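Colleague: I'm new to this one, could you walk me through it? Please show me the structure before we start.

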Amino acid sequence: MSEPPVYELFAIRYATREAKRADHFIGGDPHDAPMAMDYFLWVAKGPKAFIIDTGFTAEVAKKRGRTYLRDPIDTLKLIGVDADAVEDVILTHLHYDHVGNFYRFPKAQFHLQEPEMHYATGRHIRHSRLAHSFEVEDVVGMVRLNFAKRVMFHNGGAELAPGITLHPVGGHSAGLQFVKVHTKRGWVVVASDTTHFYENMMTGRPFTTAFHVGLMLEAFDTLRAHAETPQHIVPGHDPLVMTFYPPVSPELAGIVARLDVAPDDTELSKIAPQH
Ligand SMILES: [Zn+2]
């Protein structure tokens with residue numbers, strides 16, 4: 001079998017919020033210290049471009065009290081991607097911070113695990129604890145896109161192209177998926193919310209937004225099983241991503257990082273489990 005093509009892989013940081021450590025672990029945390037959460041989308045650029053998640057809008061940022069740093073879709077231009085021309089958007093799940101700008105991709109097919117659509121439109125959403133993570137307009141938007149033949153449902157793993165694969169996992173949402181991208185440093189696992197922070201996975205402590213805690217813990221193992229080393233796993237919301245990985249250029253520090261080069265190992269080892 002020939003090697004799959006090599007993709008460039010980027011993380012775009014578009015929003016942030018102040019939070020405390022106890023906000024991010026079921027069962028809380030003994031250290032009363034701040035722990036910010038960043039918001040990202042990811043781009044794999046190779047024979048064609050795949051956008052992984054679409055971020056939320058300025059309007060939703062205001063409504064939810066998030067600090068909006070920049071328009072994530074406009075930011076795509078900085079790495080030479082034109083949203084108008086994008087053909088494939090992978091949605092890891094339908095939470096508000098992953099799908100909000102879907103309408104900015106007029107030509108795209110949206111790749112989604114089918115159980116996520118059932119979840120977002122089904123019986124559990126009558127519970128605000130679960131509904132809170134969704135924006136109803138996003139969910140309705142996905143229903144409309146489906147009628148327009150623009151949602152590609154997957155039930156299980158899939159190869160979208162050589163070098164781009166989808167992997168469903170339970171836990172955080174009912175139809176979450178992570179993405180593997182073949183890069184010059186091997187396969188990189190874009191975990192999205194399979195693990196919000198390095199620390200959730202590394203210490204086996206689930207994140208507070210959970211549909212199924214047991215499946216979330218198993219999903220940490222699944223990530224590890226798919227990654228050559230822990231350094232090949234990119235968490236969904238960890239500000240450390242922007243310090244571990246180099247910016248595309250000095251001007252884009254804190255805005256766009258390259259995930260297709262190895263992260264700073266010494267930094268990663270500093271977040272060993274602490275109890
Ligand atoms: Zn989520």
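Colleague: Let's begin with Glu18: is it buried or exposed?

Modeller: Keeping in mind that this is a predicted model, Glu18 counts as exposed because its relative accessibility is 66%. Glu18 sits in the loop between strand E1 (8-17) and strand E2 (37-45).

Colleague: And how far apart are Glu18 and Glu251 in space?

Modeller: From C-alpha to C-alpha they are 24 Å apart, while along the sequence Glu18 and Glu251 are separated by 233 residues.

Colleague: Now the metal: which residues are the protein donors of the zinc ion?

Modeller: They are His93 through NE2, His95 through ND1, His172 through NE2 and Asp193 through OD, at 2.1 to 2.2 Å from the zinc ion. Along the chain, these donors follow the spacing H-x1-H-x76-H-x20-D. His93 belongs to the loop between strand E5 (88-90) and helix H3 (96-99), and His172 to the loop between strand E9 (164-169) and strand E10 (176-183), so this pair ties together parts that are 79 residues apart in sequence.

Colleague: Why is the arrangement around the zinc ion irregular?

Modeller: Because the angles that the four donor atoms subtend range from 86 to 179°, whereas a tetrahedral label would need all angles to lie between 85 and 135 degrees.

Colleague: Are His93 and His172 buried or exposed?

Modeller: His93 is buried, at 0% relative accessibility, and His172 is buried as well, with a relative accessible area of 3%.

Colleague: Switching to charges, how many salt bridges does the structure hold?

Modeller: There are 16 salt bridges in the structure. One of them joins the side chains of Lys48 and Asp88, at 2.7 Å from N to O. That pair links distant parts of the chain, with Lys48 in the loop between E2 and strand E3 (49-52) and Asp88 in strand E5, 40 residues apart. Lys48 is partly exposed, with a relative accessible area of 32%, but Asp88 is buried, with 10%.

Colleague: Which residues are linked in a network of salt bridges?

Modeller: Arg21, Asp29, Glu199 and Arg205 are linked in that way.

Colleague: Last topic, strands: how do E8 and E9 run?

Modeller: Strand E8 (residues 158-161) and E9 run antiparallel and are joined by three bridges, with Glu159 having Thr165 in E9 as its bridge partner. The two strands form a hairpin with two residues between them, and Gly163 in the turn has a positive phi of about 100°.

Conventions: Residues are numbered from 1 along each chain as its sequence is written. This is a predicted model: local features need pLDDT of at least 70, side-chain atom pairs count only at pLDDT 80 or more; totals for chains, interfaces and linings use all residues. Side-chain values use heavy atoms; hydrogens and water are left out. Donors are N, O and S atoms within 2.8 Å of the metal (3.2 Å for Na, K and Ca); water is not among the atoms, so sites may look incomplete. Four donors count as tetrahedral if all angles lie between 85 and 135 degrees; four count as square planar and six as octahedral if opposite donors are over 155 degrees apart and all others between 65 and 115; anything else is irregular. Helices (H or I, at least four residues) and strands (E, at least two) are DSSP runs, numbered from the N terminus. Buried means under 20% relative accessible area, exposed over 50%, partly exposed in between (1.4 Å probe, protein chains only). Two strands pair if DSSP finds at least two bridges between them. A salt bridge is a side-chain nitrogen of Lys or Arg within 4 Å of a carboxyl oxygen of Asp or Glu.
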